[in-house]
Amino acid sequence: MIRILLWILIITGNFAFLAHFWNLMQSRVPVLCFHRVLAQPDPLSLWISQKKFREILDYLKDEGYETYRPGTKISAGQRPVILSFDDGTRDHIEFVMPELKVRSLKGIFFWVSSQLEGLDDNLKESLKVGGADHLHGSHSRSHRPILANGAGVKVNEIREELTISSNVVSGFFSRPVRSFAFPMGSFDETGARIAREYYQNLFSLDYGYYAPN
């Protein structure tokens, strides 16, 4: 009798685990992380060509993908995808945003606040117009790794990076900044813990780290 009860518990536990795993996989959202998008990029860099970028966007549209905003509910049958853009470069303003607009797609752009402040007035004006339909997040103040454990970065320096960046980006776009992308995709336990104090959504290159919320 005890053995039968034990098997029932084991089987029930396995079914519960599988149900939880299935639900988790259904709620995950793929994130495509882009950097620069140029006419003729260095083939050994993280950058991609404008031609390839257009092909990716057209594929997503043809396959029925919809750009997803972190924190929103995923409907049954929906094919969500996040299009993220790191560093906030000139080509994001002049090329990427217009290409997204043509296809009714939305992106989330992560800005290094010192570089955002350094844009010339014409680019700033173009960004405020072209970026109105997109989400904008922080990528730190100076693109410095948010690492504290053994990296020689003090906690107060991390807080300064996050505070200043959040204030600059939210002030520029006149909206709250809820998302943060770790510079170079790197983080440690201390850096992640501090980042969670400032932002609802954290992005990293570490597979599995980002899930909705």
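How many of the nine residues of strand β5 are buried? Eight of them are, so to speak, tucked under cover in this predicted model.

**View 1. Strand β5, a mostly covered strand.** Here we're looking at residues 79–87, the stretch that makes up β5. Eight of these nine residues count as buried.

**View 2. Strand β5 alongside β1 and β4.** Strand β1, residues 31–34, runs parallel to β5, and four bridges join the two. Look for Cys33 in this view: its bridge partner in β5 is Ser84. Strand β4, residues 65–67, also pairs with β5 in the parallel sense, this time over three bridges. Thr67 has Val81 of β5 as its bridge partner.

**View 3. From β5 over to β6.** Strand β6 covers residues 108–111 and is joined to β5 by four bridges, again with the strands parallel.

**View 4. Thr89, in the loop between β5 and α3.** The Thr89 side chain makes a polar contact with the side chain of Asp91, at 2.9 Å. Leaving aside residues up to four places away in sequence, Thr89 touches Arg36 and Trp111.

Key
Residues numbered from 1 in each chain as written. Predicted model: local features only at pLDDT ≥ 70, side-chain atom pairs only at ≥ 80, totals over all residues. Heavy atoms only, no water. Buried < 20%, exposed > 50% of the residue type's maximum accessible area, 1.4 Å probe, protein only. Pairing = 2+ DSSP bridges. Polar contact = N/O pair within 3.5 Å; in protein donor to acceptor, adjacent residues only side chain to side chain. Contact = heavy atoms within 4.5 Å.
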